Amino acid sequence: MIIKSVKLTPFAGISNREQTFAPGLNVILGPNEAGKSTLVNAIFAALFIPPEIRKNSEDWKNFISRCLPYPGGDTARVKIEIAAENNFRYSCSWGADREERLILEDGSEINDSQTIRDQLQQVLQLGRSTYEEVLFARQEEMIHTLQKLKNNSEATGAISDLLRAALFEAGGVSLEELEEAILKEEAELLSNWDPGLDGPRGGRGIDNPHKTKVGKILEAYYNFETVHKKLKSARHAEDEVDELNRRLAEKNAEREQLKSRLSEMETLEEDIRRRSTLEPQLETARVKETELKAIAKKWPGTEEKVKNLEAKIASEKQRIESAEKELKEAESILAVRKKKKLLERVRPLHEKISDLQQQLIKLPPLTEKDLNYLRQKQQEKETLKARLEAMKLKARITAEAMLNLTVTSGLEDPYLLQVEKETSLEAAGRLNLEGHGWSIEVQSGEGDANRVMVMHRQAQKDLEARLSELAVTDTEEARTIVARRQKLQTEVERLRSELSGILGEEKYDDLARAAAAFAPDKPVRDPAQISNDIGNLNVAIKSDSYTLEEEKTKLGEWKEKYESSDKVIEELSDYRGRAREIESALGRLKPLPANYANPDDFIVDLKEIREQEDSLKTAIARLRENLAESRGRLPEETTEDLEEALRLAEEELNRLKSRARAVSLVKEEFNTLKEELDKDTLAPLTEAFIHNLSVLTGNRYTAAQMDGALPGEIASPRGKTLPVDYLSTGTSGGVALALRLAMARYLLGEAAGFLVMDDPLVNLDPERREAAARLINEFAREKQVIITTCDPETARLLGGSLITMEMDNGDS
């Protein structure tokens, strides 16, 4: 078969495009995103993906869902025209509108999905995986050809089967017919039967049987299970009839016993029911008699108790008033005592604080800030003095006659010096010598001595002025006074805190003023004891009041019901007479059986026995119905007949299993024969591959070690071998193309057939590209080849029928 045309209406990004193809080589040239791959994908989808594909399938997720029109379309549609022995047109759509249609050359139309698939498979001949891995070569898959074929047994298996069949039939024996006969016999016997499990495939027994592809063994197994199930059902039905007969006999016997007991109880029923009415009346009369007797006895005492309780409660209330006055006076006196004690406790603290504050007042008001200033000036003066003393000066004076000098050295005061002949002097920073009518001043060259001396005098002056202002003699005295003030202030704060903690919310001055107005003290009882007495009295009043209320309520109820105690006595006499009458009537009735505690138990038991008798009657009727139904369910075949049928079914099942084992042995021998034939069947494929490999590699590789239908190693003319897994990208691409062309030739055989490749020359160098173009053209003399490329030079090199695709209107 070859592809004459394909139309996309729409598919992926192409909305309406039809493309025709010629026999031989077709080269589709166009830029990326022009729609070349979309065209190839549409051909593949039409041939191999049915429209009823489920949306959770891999084909939908990874293929069809990406081919729906962008952005909002929900249906993809492809029409393809095939040229074979019988030409036909096929259209298919996926998505919201799922349909397919096959129109034959004579105009007849096929819409049945399975018939269409059968027709397509008849012209395709090979399986989907074979086309996918060999005859449809996408660009990104070319370099991975060998690995993909290793993982796809269908494609390599198809090659082996074709070559093996040719060799076998050359000897006059039809390999396919023999294998078909063996497989047919095996399928007829073992279809949906698992020999390993010795049972139906998937564990599907008679309750969930296979509906289709039921082999002879499975059919015999289902027959055996069906007979076994019938036998089991027959035995169950017979057991059920026997069980129902037994239960019916038990229920009849139980009912007869119950009827006898019921007859005896019914002779006593009337008297027992009369007794059940009179005995409660007698009980009521006796209870009322006892109640009235108690009321008549308690009435006078209750009236006296009410009077006594009222007097007691009045007395307790007066005692509470007296105790509350006593409590108020005791609390007042105790509060005065507490304040007096508090004042006595805090007075020494208050006096001590006052004494410390007086000491603070007497000290000069020096602060830490003042002390820091004095220390700073003292340090400044000493630093300047040290700087000046570091400026060492030495002078040597020689005089022939007595010389009177005034000497000023550094910071020292001037003094008189008489020099006879010679003397030496030392000074710090500056040395001033004065005589009659002259003076000499010498300064150190290490700094401005005069400036240092001026700064020193100023520091001295500032220090003395501040000491005078603060009324202290020196810095040490100032430090002592500041330390003393801080100590006194800390102690005052501590004592104030202690005083505040003791006083709490009280103020010392308020407490001192209140002390003069305190009332005189006198002995009092503990307020807690007084409060306890008041509490006890309140509890007593509450209890007495509750009791009084109860007694008053009781008297009120009695008066409302009986008016007076005399009326109670009259009513008591009436109930006594009524009780005697009821006792007389009970004496005339039949006695209650000894096993009943009271008439109500007898009546309840009688009711239950009647209900049991009715229930037994219903149960017996139901059992009789069930027995009739069970007898009706007894099979026509006896258990003996079914046991014989089961034995025969088991024999047939075992016979078919034995035949299946024999067929398996024949199949093993046949496969062994096939393996022997396989040693030479792949020779034509190997020769074709080596021819293609030599051309594509410029005779650098002229031999190959095959692993079945796939090369494991390739070899140079000198015998140097290289595993195909270690080939460079260019060489690997050449090997892949050589293998695909060789496989395609033998897969398609004598039929026209087609091969689709996406830019197969992209990874090849210029030399290999030219060789590849020659091989492809050689292949295209007999088969249809469709090649896509975005490279104009590749299209020129390949030649053939050129199809140009341009980007327009967003189609891709």
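Me: Which residues have the most contacts inside the largest nonpolar core?
Reply: They are Phe11, Trp94 and Ile776, in a core of 91 residues. By nonpolar core I mean a set of buried Ala, Val, Leu, Ile, Met, Phe, Trp, Tyr and Cys residues joined through side-chain atoms within 4.5 Å. Buried means under 20% relative accessible area, exposed over 50%, and partly exposed in between (1.4 Å probe, protein chains only).

Me: Which helix gives the most to this core?
Reply: Helix H19 (residues 729–748), with ten residues. Helices (H or I, at least four residues) and strands (E, at least two) are DSSP runs, numbered from the N terminus.

Me: And where does the core lie?
Reply: It lies between domain 1 (1–125 + 753–812) and domain 2 (145–167 + 682–750), because both give residues to it. The domain bounds come from an automatic or database domain assignment.

Me: Back to Phe11, what is it in contact with?
Reply: Leaving aside neighbours within four places in sequence, Phe11 is in contact with Thr38, Asn41, Ala42, Ala45, Phe63, Cys67, Ala76, Arg77, Val78 and Trp94. Contact here means heavy atoms within 4.5 Å.

Me: Which residues does the second, separate core include?
Reply: Leu278, Trp299, Leu555 and Tyr562 are among them, and that core has 29 residues.

Me: Before I go on, what do I need to know about the model itself?
Reply: This is a predicted model, where local features need pLDDT of at least 70, side-chain atom pairs count only at pLDDT 80 or more, and totals for chains, interfaces and linings use all residues. Residues are numbered from 1 along each chain as its sequence is written, and side-chain values use heavy atoms, with hydrogens and water left out.

Me: OK, on to His456: buried or exposed?
Reply: His456 counts as buried, at 11% relative accessibility. It lies in helix H11 (residues 449–470). Not counting residues up to four places away in sequence, His456 touches Lys381, Leu384, Lys385 and Leu411.

Me: Now the charges. How many salt bridges does a search of the whole structure find?
Reply: It finds 46. A salt bridge is a side-chain nitrogen of Lys or Arg within 4 Å of a carboxyl oxygen of Asp or Glu. One of them joins the side chains of Arg286 and Glu583 (2.2 Å, N to O).

Me: Which parts does that pair tie together?
Reply: Arg286 lies in helix H9 (residues 216–362) and Glu583 in helix H15 (residues 565–587), so the pair links parts 297 residues apart in sequence. Arg286 is partly exposed at 37%, and Glu583 is partly exposed at 38%.

Me: What about Glu291 and Lys288, where do they lie?
Reply: Both lie in helix H9, three residues apart, about one turn of the helix. Glu291 is partly exposed, with a relative accessible area of 33%, whereas Lys288 is buried at 13%.

Me: And Glu551 with Lys554, what separates them?
Reply: About one helical turn, because they are three residues apart in helix H14 (residues 527–562). Glu551 counts as buried at 7% relative accessibility, while Lys554 is partly exposed at 29%.

Me: Which residues do shared partners join into one network?
Reply: Glu266, Glu269, Arg273 and Arg610, through salt bridges.
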